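User: I have not seen this structure before. Please take me through it by question and answer.

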Amino acid sequence: MTTMLTSAPTIARPNARHARTGGWLVAVNLALFVWLAVTQDAYLSDRNIQTLLSNLSIVALIGLAQMVVIAAGELNLALGAAGSLSALAACSLMVNVGVPVPLAMAAGVVTGAMCGAFNGYVIGQFGLSSFIVTLATASVFTGVALGFSEAQPITGLPTGFVDLGHETVFGVPRTLLLAAIAAVALAVFFRKCGLGRQILAYGGNSEATELSGLRRLDVMVAVQAISGAVAGWAALLLTAQIGQGQPDVGRDWLLPSFAAPIIGGTLLAGGSLSVTGTCLAALLLTQVGSAIVFIGLDPFWVQFVQGTIIVAAAFFDRTRGRAGRRARSSAETTPMGVGA
Amino acid sequence: MTVTDAPNETQSSTADSRPPIVAAALRVELLGVIVPLLLLAAVLAVVTPNFYSAYTMRSIATQAGIFTVVGLAQLTAISIGQMNLALPAMSVSAGMLFGYVIKDAEAPFLVAALLAISCGMMLGAMQGALIGYLHLNPFIVTLGLASLYTGLMLGISRGASFSSFPGAFGEMGANRFIGVPYIAIYALVVTACAYLLFNKTVSGREMLAVGASPRAARFSAISVPRTILKAHACSGVLAALAALIAVADLGTVDTSLGQSWLLPSFAAPVLGGAVLTGGRVSAVGTALGAVLLVMVGTGLVTMGVNQYWYQVGLGVIVLASVLIGRARNRLGEEPAPL
């Protein structure tokens, strides 16, 4: 657990404080699991465990998609909209054109990546803030998805695709394994690849990195495209679980996308991220969601709980940010994503 | 002078030496919204012959009135270089409180309105305190509070709705003064108040100073946390006012009030020349931006365009306006605000 946090090269070593985040998340997850398993009979049933793990795969991917952008000190509000567009593209290719499933899924991921690359290009080329650009393109992507589909779901998806969302391998849902592939790929990317290290360095201190020759445009296109691709992957897996292509499949993704990485130890100021932490936080969010259902909390109060979690996450970020901030003077007032 | 800049040193010294040039530059800021507005008006006149009917004009004035106040609510948060994603949540909370007090508690209009406005102020002040005094990230706090406030409102109201309001308030939305809907007049009054806030009051100038440079503001003995709190409280008050005006127009309030206000709330100020990093705002520009937005929307509807494509158009307008604003900043050889 000591090396779970991947930091910018400028921050010498993942410190003990960060490592404790992981231990803390494991403990809370375990406590919640044991409590629910003891008090609720159905919690340990095969069916519920399957549901939990299926949900976990989606929440983790959404969180990872946002984490990549946060690591560079930016944000992506268009992640759900890009996901919806990816799912729609893949589904219409499968149903209307008859493209084979793997090819259609690849096309879906590419759609997400292209949505993201467009965001990144506009942000980087014209020196705009990722906040306003992705807020605007979220509206554009959502409108395009709803306009083309006329807000009707796409039914009659090939069984090969729908089975992905329901099959298990040794009791583990296939979607969880597919999500894990993306998580491992991201972890390797940020740890071993030059571009991944450069993105973290940019998030840690954008000025110094730009002076050393890295272009903001490249970083923006890279992080937003990766974010869009991961969001597209999440949307495809969720569509396979649902069994039909919904044009607004990523509608409610904004809150969990920020909650998972922040609770998992990714700093909003950029420069450090944690794939393991994001996944553990996603598990926590999934368990809380399940607990809400089991306890029978009035659905009217669900949104209140979600909001409270996000505000709590802001507190975590503050306490951690203070520890890791050091000489970063701009971080004290500049809100994330408001670049220029 | 309609565009309000932060009282920073370089600006005022330029103003002393070359007032006509500065005045011209400031006028150009508003041209950015006036020119598209005139172009659009001309295009719509040609494309849709009966666009300028009294009915359409009244509907545009009413809608623009609501969007103006929504935009001004966001503008106060933008003035300090932040954002208020909880604006729609504040609006619907204040609107629902108003509906409950005036209908179920049968209180007089004034009591209900004051309660709703104080509700907006409290919600905004709480948000400002979390950001200003506890130094939490503004984006995440307002995102979380948006959900928290909406959840509280849903949990308490349990999805209720209120309609057929008694007395004078019931007619407020429909009444007209020499053909101008009351809604538009309220919006003009609110715009004038916002203009005065940013141009004539110490609090407003302090907000702009904090938006331009929090560090410089601190060195000028401005309490940055208190200014942040004030700006968010103002944003809450304006969000509540927007809710009241919208309720007067609709004649009903339910939990869906303000659901689609977030993007327009940014679009109107940005179209009006506000800089998202803070320190530069225009209340008049925001009102003109709201008119432009509503005219585009109405134009698309009269041409029979699907509402989903309107959503696309709205996003494109916002993108275009930030791009134009960026280009204008570069042309003016101003240093990019950080």
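User: How many residue pairs are in polar contact between chain A and chain B?
Analyst: The model is a predicted one. For chain A and chain B, with both residues at pLDDT 80 or more, the count of residue pairs in polar contact is three.

User: Which element gives the most residues to the side of chain A that touches chain B?
Analyst: The elements that give two or more residues to that side are α4 (101-126), α5 (130-149), α11 (254-263) and α13 (302-325) of chain A. With 14 residues, the one that gives the most is α5(A).

User: How many residues on the side of chain A that touches chain B are nonpolar?
Analyst: That side also holds 14 polar residues and four charged ones. The nonpolar residues number 32.

User: Which residue of chain B forms a salt bridge with Asp298(A)?
Analyst: Across the interface of chain A and chain B, the rule finds one salt bridge. Its closest N and O atoms are 2.4 Å apart, and the partner of Asp298(A) is Arg158(B).

Methods: Residues are numbered from 1 along each chain as its sequence is written. Chains are lettered from A and ligands numbered from 1 in the order in which they are written. This is a predicted model: local features need pLDDT of at least 70, side-chain atom pairs count only at pLDDT 80 or more; totals for chains, interfaces and linings use all residues. Side-chain values use heavy atoms; hydrogens and water are left out. A salt bridge is a side-chain nitrogen of Lys or Arg within 4 Å of a carboxyl oxygen of Asp or Glu. A polar contact is a pair of N or O atoms within 3.5 Å; within protein, one must be able to donate a hydrogen and the other to accept it, and residues adjacent in sequence count only if both atoms are side-chain atoms. Helices (H or I, at least four residues) and strands (E, at least two) are DSSP runs, numbered from the N terminus. Ala, Val, Leu, Ile, Met, Phe, Trp, Tyr, Cys and Pro count as nonpolar, Asp, Glu, Lys and Arg as charged, and the others, Gly among them, as polar.
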